[in-house]
Each structure stands twice: as C-alpha cells, then as structure tokens.
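I opened this entry to look up how the inside of the protein is packed, and then how the whole chain is built. My notes follow the structure below.

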Amino acid sequence: MTERLDIVAIGNAVVDVVAQVPDEFLAANGVEKGIMTLIDQPRALSLYGAMPAAQEISGGSAANTAAGAAAIGAKTAFFGRIRDDQLGQIFTHDIRAIGVQYDGPVLAAGPETSRCLVLVSPDGERSMSTFLGASVGLNVTDIDTDLLARADWLYLEGYLFDTPEAKEAYAGAIAATKSGGGKTSVTLSDPFCVDRHRADFRRLIRDDLDLLFANKAEVLSLYETNDLDTALNEVAQEVDLAAITLSEEGAVVVRGDQRTHVPATATQVVDTTGAGDLFAGGFLAGLAEGADDARCARMGCAAAGEIISHLGARPEADLKALMAGV
C-alpha cells in the first residue's frame, strides 16, 4: 500500500476500563484524584477487582487522537505494542472498527496488554491508574519506516517518553516521517511527564517538531512559569506552531507573533477523559483538510466538547457532521 496517510500516531496501546465512582471510592482505594498514576500488574488486578461495572474500550492518548481524527474523516494509522491476549484482541478490533489502520506490533510473550483504569468522579474529573505492560518496550526496531514515510503528520504521545528505548524510537519515527516529506508533532500529555523530561522535551520541540500540543498546566510547567503569556512567548521561539488548550476558556493557537483564541464548545461535562486527545484529533483533521488556525482550533474544541459530554473517550455523535457547523 502506497497511499498517503493524513496522520500516523504512536503511543501506548491501552485498553481503557472506564467506570463512574463516588469520591469516597477514590479515598478508600488510595487513588489520587485527577492525575495519571503508573501502577504494576498486582495493583492493576486489585483495583480492577474493586471497580464497579465498567466499559472496556481501546484507548491510550495517541490512539484516542487517531480515532477522533478518523471519525472526522482523516486517513489515520496508529502504532503501539500489544500482547496476543484478550485485551490485545479488544484493542485491535475496537480501533480498527472506528477506521484506524492498525497492525501491531503484537507480542507473543512478555507483559500483558496495557490497561488504564479510569475512575470518573461525579464532577467529571478522571483519575487514571495505568499499567503500561506491553507498551513499555517500544524500541527503534519496532518502527515501521515505510508506514511513517507515507504520513503527512506524525503525532507522538508524551506518556511514552519514559524510557531511553522509546526516545530512540521517537527519533527514528521523526526521521522516517521527514524522509517522506511529512511534518511532526507531540503532545506533552501530563505535567508530571513534563517534570520528568523537561530538558528532553525542550530539545525535541526546538530541534525536531513542527507542532506542539499542550494544556495550560503542561506549557506552564515546560517553561517553569506561572504566567501564560510568558509561556506562550517562549513556545513561539521554539516551534513553528503550538495549540494550547485552556479548559473552559477554549484554546489558543500560537504561530510566531500571532495568537488565535477560540472559545470552548458549550457542553455538560460528564467525563473529561480524552478531551485533550480529541482536541488534537480535531486540530490535526483540520490541518489535513487545509483549514486555517482558527478553524483547526474550533474543530479541536468541538471534538473535545463532544467527548466530555458522555462517558469514555470514543465519540458518540457523528463528528464529521458536527465539524460542518464549526
């Protein structure tokens, strides 16, 4: 197959196990509200056993972005490691069903398929306990350079940036994408990711990327400031294009000296899982159709607004029809 792809996303291939719980459940089970915590397999089994009835959906930050963009109409592919186990089969079927090209890699041995236990509080805040499992071992030998050479945009997930092997894999993916004339982007994923890898992120953004995705907390952490304008001025010096989400205040696009602000899409918040992921999916889908910065940001906000209006990180509305009105 030689067809160009609008977006190839690389990240953790995770099955999201999503359940609504009261705040008391978080306290009783030692879950810190509102953040992502990495856990080992025994903790994953224990917490899963305590959870109420849940939905099991193919997830992971970059996979959510690819799925959202595909629902809008972009040609997308996802790359991330799974095991040949039950959750791996769920992941594969689910992400292909929404229109994302996915071909593994699939491991015959080793850690089980990654899973994220997403506990949704009554206020819509999500608390994530993630067992990374098979995803952790991503390395440069896994990279499908032929696939990446057909990508117009590469989208990298900050959550996967924790190992030297993954950083090497990302470098290989960037090189392969650029060899085919594509552009590159990353999402910072979480302020805790930024705290762990600030210097490496700064170097990656400055030297290798065309587009940065971040939320307000992440970009403030990246530049170690409490002032958003200061952070936006800094990011404008390091990358050609940045899309920064501002929760209920919408989003701002930074391109050199230009700032393009769009409001958030009004909605009833049920579950914030995947909001940033779907914003990136909408924004990238806008770039794929040749939209300007304002429309790309409106598409991102519309996709994020749809996803937070219900449980889980997969769209329930027709996103392609939704985008016609933004």
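I take a nonpolar core as a set of buried Ala, Val, Leu, Ile, Met, Phe, Trp, Tyr and Cys residues joined through side-chain atoms within 4.5 Å, with buried meaning under 20% relative accessible area for a 1.4 Å probe, protein chains only.

I then followed Leu-148, which, leaving aside neighbours within four places in sequence, is in contact (heavy atoms within 4.5 Å) with Val-8, Ile-10, Ile-143, Leu-154, Ala-173, Ala-176 and Thr-177.

For the chain as a whole, I recorded twelve helices and 16 strands, and I saw that 58% of the 326 residues are buried. Of the contacts between residues at least 6 apart in sequence, 73% join residues at least 24 apart.

For my records, this is a predicted model, in which local features need pLDDT of at least 70 and side-chain atom pairs count only at pLDDT 80 or more, while totals for chains, interfaces and linings use all residues. Residues are numbered from 1 along each chain as its sequence is written, and side-chain values use heavy atoms, with hydrogens and water left out.

Notes: Helix = DSSP H or I, 4+ residues; strand = E, 2+ residues; numbered from the N terminus. Buried < 20%, exposed > 50% of the residue type's maximum accessible area, 1.4 Å probe, protein only.
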